[in-house]
Amino acid sequence: MNDRSAQRLAMVQEALASGGTLHLRDAAELCGVSEMTIRRDLSTQPSPISLLGGRLVMASYPGVTPVYDLTEQQSSHYQVKQRLCQRAASFIEEGDTLFIDCGSTLIPLLSQLSRFRELTVVTYALNVANAVAVLPNVRLVLLGGLFYASSQSFGSDGMGAAIERLGINKALISAAGVDCERGVSCFHFHEVGPKQAAIATAMQRLLIVDASKFGVVRPAYFASLEDFDIVVTDDERAPGLLERHPLPTLSVSLA
């Protein structure tokens, strides 16, 4: 661990030792650095400190439950997500129609789409749509409905049916939890319908997840591992985990 990063996390941990929470702004002031530096320390180093809704808290503090914050997720494991997206991009072919899921994992993929001559992107995520809308080679299909700011995505009762009417070559799906027995899950229930419709419709289904998601179960179940053709991950344990639950049609691609 970087010595200065370790010192900063130790200072924050000491401040939290008596219990309670510490605002990210106050932690940055305590350490004499920017808020982004504190975020980077937490995302790149193992620590018992969690960042929830802009406040720092010890993971063992009573009542702490996981809360999804897209801004926090975007700075978490960013370099890993870049590698995952580079690997995922290798499966994309010229002229493909892609379903690109919401969340932070697939954002680095969007900058790689400009090297193709022609693609169609189907998404229900506003941050994905904003990124690809400026690409002249990409035709954008944005699925609308009620906007959920926490995940920058839309939801509606008819979204699943709209997806099923499209010809999708590849569905690129992200997840907040992957468990060999309890399946693949996410934080938000409004994401279940579009994820399931894309999985059911696409000719090829890719699950893109980093190592931190394995062995985790989140509230909204949407698929089993056998619903996917390829798992793109950086977790070298993944092939071993999946060997205990043999899925003959599933392959693992390590980034």
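A nonpolar core is a set of buried Ala, Val, Leu, Ile, Met, Phe, Trp, Tyr and Cys residues joined through side-chain atoms within 4.5 Å, where buried means under 20% relative accessible area, exposed over 50% and partly exposed in between, with a 1.4 Å probe and protein chains only. The model is predicted, so that local features need pLDDT of at least 70 and side-chain atom pairs count only at pLDDT 80 or more, while totals for chains, interfaces and linings use all residues. Residues are numbered from 1 along each chain as its sequence is written, and side-chain values use heavy atoms, with hydrogens and water left out.

**Exercise 1. Find how helix 1 and helix 2 each pack against helix 3.**

Step 1: Two packed helices are described by the angle between their axes and the distance between the axes. Axes are lines fitted to C-alpha atoms, for helices over the stretch in contact, and angles run from 0 to 180 degrees between N-to-C directions.
Step 2: Helix 1 (residues 3-16) packs against helix 3 (residues 35-44) at an angle of about 100°, with the axes 10 Å apart. Helix 1 is therefore roughly perpendicular to helix 3, given that angles under 35 degrees count as roughly parallel, over 145 as roughly antiparallel, 65 to 115 as roughly perpendicular and the rest as oblique.
Step 3: In this contact S5, R8 and L9 of helix 1 meet T37, I38, D41 and L42 of helix 3.
Step 4: For helix 2 (residues 24-31) and helix 3, the angle is about 95° and the axes lie 8 Å apart, which means that helix 2 is roughly perpendicular to helix 3.
Step 5: Here L24, R25, A27, A28 and C31 of helix 2 make the contact with E35, I38 and R39 of helix 3.

**Exercise 2. Describe the aromatic pairs of the structure.**

Step 1: The structure holds 2 aromatic pairs; rings of Phe, Tyr and Trp (its six-membered ring) pair if their centres lie within 6.5 Å, and planes under 30 degrees apart count as stacked, over 60 as edge-to-face and the rest as tilted.
Step 2: F99 and Y124 form a stacked pair, 5.9 Å centre to centre and with 20° between the planes. This pair links distant parts of the chain, since F99 lies in strand 4 (residues 97-100) and Y124 in the loop between strand 5 (119-123) and helix 7 (126-132), 25 residues apart.
Step 3: Both F99 and Y124 are buried.
Step 4: F147 and F154 form a tilted pair, with 5.2 Å centre to centre and 55° between the planes.
Step 5: F147 counts as partly exposed because its relative accessibility is 34%, whereas F154 is buried because its relative accessible area is 14%.

Methods: Helices (H or I, at least four residues) and strands (E, at least two) are DSSP runs, numbered from the N terminus. Contact means heavy atoms within 4.5 Å.
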